[in-house]
Amino acid sequence: MRLGTAGTRSRTPAPDATTERSAISLRGVGKDFRSAAGESVALDSVDLDIDAGDFVCLLGQSGCGKSTLLNLIAGLDSPSRGSIDVGGRRVGMMFQDANLFPWLTVRGNIELALRLSGVPAREFGPRVDELLETVRLPRAASMRPHELSGGMRQRVALARTLAQDCSILLMDEPFAALDAITRDAMHDETERIWLERELTIVFVTHNVRESARLGNRVLVMAPDPGRIDSELRIGLQRPRRMEDPGVADRAAELHRRLSGRNEP
């Protein structure tokens with residue numbers, strides 16, 4: 001079972017003015033998959049720079065390569081061509097499923113992530129307490145996953161990912177299975193933690209409102225083969241709400257782009 005964390009990566013291309021300030025840099029990245037039916041191109045010629053501290057959403061229909069791109073950045077898979085550089089930063093990853101170990105308590109799930117990260121056992125107690133405060137679950141330490149709501153499980157998954165001391169957080173549709181009220185609360189918590197910890201976040205979604213609510217930039221992806229088709233800078237002040245008029249306007253523009261009606 002995946003713990004929702006990735007390692008560090010440090011493949012470094014020749015530096016230039018762009019890559020020096022980028023937390024994540026991709027050059028000519030492609031990914032092919034082979035099956036009995038033949039070879040398919042999941043991603044082709046992806047160039048991307050994400051500055052440290054940015055919040056970028058990847059938006060697109062199923063099959064456009066969003067999750068594949070996230071897995072490549074995380075180091076969970078290797079590109080067929082091109083280069084990926086995160087400058088040696090630690091990368092953490094959250095999935096749609098919290099993937100908590102059901103036989104462990106909340107504290108035990110987070111301690112396991114700390115142990116795998118090489119944190120000394122004597123530091124487990126205060127580190128777990130601090131992380132549970134960060135995700136606003138200070139009284140949940142002794143609970144088991146089946147006792148938690150969906151939103152609480154995702155908070156624990158977030159705490160476990162943060163236990164890896166990551167500076168880059170990759171999020172693969174982590175709130176897609178939550179009800180609207182819980183999802184909105186998790187949007188607020190994600191934004192708060194992003195600002196407090198000065199994280200770089202790449203967030204995969206197929207929800208246009210969610211991308212306009214959360215992102216500084218939204219990268220619209222297109223399929224066959226998967227690629228970045230366009231970019232929209234949101235340009236709205238924070239905090240934001242899903243029902244804000246500005247969010248609705250940006251969401252409408254993203255709908256047009258997804259439908260192929262974007263203007264140059």
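I count a residue as buried when its relative accessible area is under 20%. With that cut-off in hand, I opened the structure, which is a predicted model.

**Entry 1**
I looked up the confidence first. The protein chain has a mean pLDDT of 89, and 91% of its residues reach 70 or more. I also marked a stretch to read with care: over residues 7-19, pLDDT stays under 50. The model still has 32 contacts beyond four places in sequence for residues 7-19.

**Entry 2: a pair of rings**
Next I went looking for rings. My search of the whole structure turned up 4 aromatic pairs. One of them joins F55 and F203, with 6.3 Å centre to centre and 35° between the planes, and it is tilted. This pair links distant parts of the chain, since F55 sits in strand β4 and F203 in strand β8 (residues 200-205), 148 residues apart. Are F55 and F203 buried or exposed? I found both F55 and F203 buried; for F203 the relative accessible area is 0%.

**Entry 3: another partner for F203**
I stayed with F203 and found a pair with F175: the ring centres are 5.8 Å apart and the planes are at 50°, so this pair is tilted. F175 lies in the loop between β7 (168-172) and α6 (180-197), while F203 is in strand β8, so the pair ties together parts that are 28 residues apart in sequence. F175 has 2% relative accessibility, so I noted F175 as buried. Stepping back, I saw that F55, F175, W194 and F203 form one aromatic cluster.

**Entry 4: D54**
Then I turned to D54, which is found in the loop between β3 (38-51) and β4 (55-59). Its relative accessibility is 11%, so D54 counts as buried. Which side chain does the side chain of D54 meet in a polar contact? I found that of N216, at 3.0 Å. Leaving aside neighbours within four places in sequence, I listed the contacts of D54 as W194, L199, T200, I201, N216 and R217.

**Entry 5: the cysteines**
Last, I checked for disulfides. A disulfide is a covalent bond between the sulfur atoms of two cysteines. How many disulfides does the whole structure hold? My search found 0.

Methods. Residues numbered from 1 in each chain as written. Predicted model: local features only at pLDDT ≥ 70, side-chain atom pairs only at ≥ 80, totals over all residues. Heavy atoms only, no water. Disulfide = S-S within 2.5 Å. pLDDT = per-residue confidence, 0-100. Contact = heavy atoms within 4.5 Å. Helix = DSSP H or I, 4+ residues; strand = E, 2+ residues; numbered from the N terminus. Buried < 20%, exposed > 50% of the residue type's maximum accessible area, 1.4 Å probe, protein only. Polar contact = N/O pair within 3.5 Å; in protein donor to acceptor, adjacent residues only side chain to side chain. Phe/Tyr/Trp six-rings, centres within 6.5 Å; stacked < 30°, edge-to-face > 60°.
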